[in-house]
Amino acid sequence: MNQKVVVFLLPNFLFGIFLYGFFSKRQKNLTDAFPDPTEYWLATQNSRKNTLGSVCLKNNLNKPRSKLDSQVANQLFVEHKHKFIYCEVPKVGCSNWKRTIFLLQSGLNAKPSEIEHDDIHQTSLIKRLATYPPALQKEFLSNYTKVMFTRHPLERLVSAYRDKLLHSEPFYSITVANRIRAMFRKNKNSTEKVSFQEFVNFILAKPPHTLDIHWKPMFLLCDPCNIHYDILGKYETLGLDSERVLEVIGAPESLQYPSLKRYGSEKRTYGDITLEYLRQLTSEQIEKIKKLYEMDFFLFNYTMKYEDYFSLND
């Protein structure tokens, strides 16, 4: 081989060896830190809880009460056989969690897909914590495994709009839609679907604690600063977190969290769709909606730089 070529290639070869060694060592260090996936998951849980705890403290949200808020108690579902309490956050996989709770409770050897969406939301077989007296509520909260799941606030908002205002569910597509039209349209007889901008303006016009549960801030639904959840799951890691929840509560190995979707032919609300809707808003609307969900962003460690977030997670 030509001597000049050797002289040129040798430094690059040596640099390549250095890089290989550096990144191999770095990967080994990461692997050594969490050789077991369970350890990694537990570390993630600790990180989420630490973030939540520090934000609660900083914003003076720790306010112990002698009695649980009735609206919060209404969001909590109790499954006694496995001593499990789940806080319902709509648009964060709650229908599938209700299916799971029903199967855990009933012991039926059935598939989640056999349980209809409307049936699972209307059944009285799944008990809310609000149906129990305060003393029992306190006992269950002290002794049961408590779980809540969150989702990026803006993605959850877009998902709620698509699900409730663009489909034919009477209460939302007619009753709520008519209220929105009456507030923002000169032509009161207009029947065009409510736009995302109108939907956002409708939400911004109301006090946060009075909002519908499908777009009410998550921290107001589940009160995580005063109810110490054992597991903080995220929609973004739904598969792994759900698997761990079922493992922790001792669910049958045959039971898996389902991935059923009400409108199966539609694409799920992920990054590309979320960005498409957010770009319909003015900068002023964006800032106001960020302010509305500010505590959800901080408590659950979601970034407000949504353009970068959804582009990276698409």
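Lys-234 lies over the face of Tyr-302, 4.3 Å from the ring centre. The criterion for a charge over a ring is that NZ of Lys or CZ of Arg is within 6 Å of the ring centre and within 35 degrees of the ring normal. Arg-151 is likewise placed over the face of Tyr-235, at 3.9 Å from the ring centre.

A word on the source: this is a predicted model, in which local features need pLDDT of at least 70 and side-chain atom pairs count only at pLDDT 80 or more, while totals for chains, interfaces and linings use all residues. Residues are numbered from 1 along each chain as its sequence is written, and side-chain values use heavy atoms, with hydrogens and water left out.

I turn to the aromatic rings. The whole structure contains 14 aromatic pairs; rings of Phe, Tyr and Trp (its six-membered ring) pair if their centres lie within 6.5 Å, with planes under 30 degrees apart counted as stacked, over 60 as edge-to-face and the rest as tilted. For Tyr-132 and Phe-140, the centres are 5.1 Å apart and the planes stand at 90°, so this pair is edge-to-face. Both Tyr-132 and Phe-140 are buried, that is, under 20% relative accessible area, where exposed means over 50% and partly exposed in between (1.4 Å probe, protein chains only).

Which parts of the chain does the pair of Tyr-161 and Tyr-277 link? The pair is edge-to-face, because the ring centres are 5.6 Å apart and the planes are at 65°. Tyr-161 belongs to helix H7 (residues 153-165) and Tyr-277 to helix H12 (residues 271-278), distant parts of the chain 116 residues apart. Helices (H or I, at least four residues) are DSSP runs, numbered from the N terminus. Tyr-161 and Tyr-277 are buried. Ring pairs also join these two tyrosines with Phe-171, Tyr-172, Phe-196, Phe-199 and Trp-215 in a cluster.

Finally, helix H13 (residues 283-292). Where do its buried residues sit around the axis? The buried residues are Gln-285, Ile-286, Ile-289, Lys-290 and Leu-292. They cover an arc of only 155° around the axis, which puts them on the same side of H13; the arc is that of the directions from the helix axis to the C-beta atoms. The face turned away from this buried side carries Ser-283, Glu-284 and Lys-291, which are exposed.

How values were computed. Helices (H or I, at least four residues) and strands (E, at least two) are DSSP runs, numbered from the N terminus.
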